[in-house]
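This report walks through one protein chain, from its overall layout to single residues. Please keep the sequence and the 3D view at hand.

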Amino acid sequence: MTDRISKEHRSWNMSRIRSTDTKPEVVVRKLLHVLGYRFRLHGKVNKRLCNTGILPGKPDIVLAKYKTVIFVHGCFWHRHKECKRTTTPKTRTEFWQNKFSLNVKNDKQNLQILKALGWHVITIWECDVLSFIKEAKDLSVKKTAIAQYLQSELLPFTYDQSNPAPAKLVAENTKDYSAGK
Ligand SMILES: [Zn+2]
């Protein structure tokens with residue numbers, strides 16, 4: 001599908017990734033688009049897949065064809081482990097700690113529900129998106145670590161539309177793509 005994007009259009013996408021819209025979620029959306037994936041936003045799905053039409057935790061990106069959702073998490077708010085962005089404000093520390101633990105608890109719960117519903121969950125961290133932007137300046141967008149990670153995570157989940165069970169159910173969201181670097 002990506003090959004159908006004209007050269008001009010592709011370089012437009014790449015320049016957009018490089019210069020503007022550095023909001024991590026927007027960057028990941030643009031990247032997926034360059035890779036040829038189609039998706040919906042903020043947990044929206046056909047009611048056939050989830051009776052409320054919105055998946056738990058409103059995942060940022062929903063790839064229904066792959067029965068996969070992507071969360072693009074801010075390191076600070078979602079407490080990315082061992083990340084330098086995961087700081088704690090020096091004032092009103094207790095307030096912040098309560099807020100953070102609630103976020104982490106909700107994330108865990110949503111993950112469990114989504115997995116139980118048969119969804120494959122991918123979590124992408126803000127700091128990894130930022131390193132992707134840096135990497136995309138020297139490499140073709142498709143050759144960046146994050147692009148290769150997304151494709152390797154998504155490919156096994158292509159499934160026959162007439163059979164709504166995903167081809168593979170070993171969803172493991174905790175895998176950090178940067179660990180393989
Ligand atoms: Zn981080």
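**Confidence**

The model is predicted. Its mean pLDDT is 81, and 75% of the residues reach 70 or more. Confidence is not even along the chain. Helix α1, residues 7–19, has the lowest value, a mean of 52. Strand β4, residues 120–125, has the highest, at 96. Over residues 160–181 the pLDDT is below 50. That stretch still has 24 contacts in the model beyond near neighbours in sequence. Where pLDDT is low, the predicted coordinates should not be read in detail.

**Layout**

The protein chain holds 6 helices and 4 strands. Read from the N terminus, the order is α-α-β-β-β-α-α-β-α-α. Of the 181 residues, 26% are buried.

Strands β1 and β2 run antiparallel and are joined by 2 bridges. Leu41 has Ile61 in β2 as its bridge partner.

**The core**

The largest nonpolar core has 31 residues. Val28, Val69 and Ile70 have the most contacts inside this core. Two or more residues each come from α2, β2, β3 (68–73), α4 (93–116), β4, α5 (126–135) and α6 (145–154). In soluble globular proteins, nonpolar side chains tend to be buried together.

Helix α6 has a clear inward side. Its buried residues are Ile146, Ala147, Leu150 and Glu153. Seen down the axis of α6, they fall within an arc of 135 degrees, so they line one face of the helix. An α-helix has 3.6 residues a turn, so residues three or four places apart point the same way. The cover over the buried residues of α6 includes α2, β4 and α5.

Leu63 lies in strand β2, residues 61–63. Is this residue buried or exposed? Leu63 has 21 other C-beta atoms within 10 Å, and the cut-off for a buried residue is 20 or more, so Leu63 is buried. Leaving out residues up to four places away in sequence, Leu63 touches Tyr37, Phe39, Thr68 and Leu154.

Glu25 sits in helix α2, residues 24–34. Glu25 is buried as well, because 20 other C-beta atoms lie within 10 Å. Leaving out residues up to four places away, Glu25 touches Asp60 and Val72.

| Pair | Separation in sequence | C-alpha to C-alpha distance |
|---|---|---|
| Leu63 and His120 | 57 residues | 9.7 Å |
| Glu25 and Ile124 | 99 residues | 9.1 Å |

Most residues other than glycine have a negative phi, and most peptide bonds are trans.

Lys58 is not a glycine, yet has a positive phi of about 40 degrees. Lys58 is in the loop between β1 and β2. With 14 other C-beta atoms within 10 Å, Lys58 is partly exposed.

Arg79 is not a glycine either, and its positive phi is about 60 degrees. Where is Arg79 found? Arg79 belongs to the loop between α3 (75–78) and α4. Arg79 is partly exposed, with 17 other C-beta atoms within 10 Å.

Technical notes: Residues are numbered from 1 along each chain as its sequence is written. This is a predicted model: local features need pLDDT of at least 70, side-chain atom pairs count only at pLDDT 80 or more; totals for chains, interfaces and linings use all residues. A residue is buried if 20 or more other C-beta atoms lie within 10 Å of its own, exposed if 12 or fewer, and partly exposed in between; C-beta atoms are placed from the backbone. pLDDT is the predictor's confidence in each residue, from 0 to 100. Two residues are in contact if their C-beta atoms, placed from the backbone, lie within 7 Å. A nonpolar core is a set of buried Ala, Val, Leu, Ile, Met, Phe, Trp, Tyr and Cys residues joined through C-beta atoms within 7 Å. Two strands pair if DSSP finds at least two bridges between them. The arc is that of the directions from the helix axis to the C-beta atoms.
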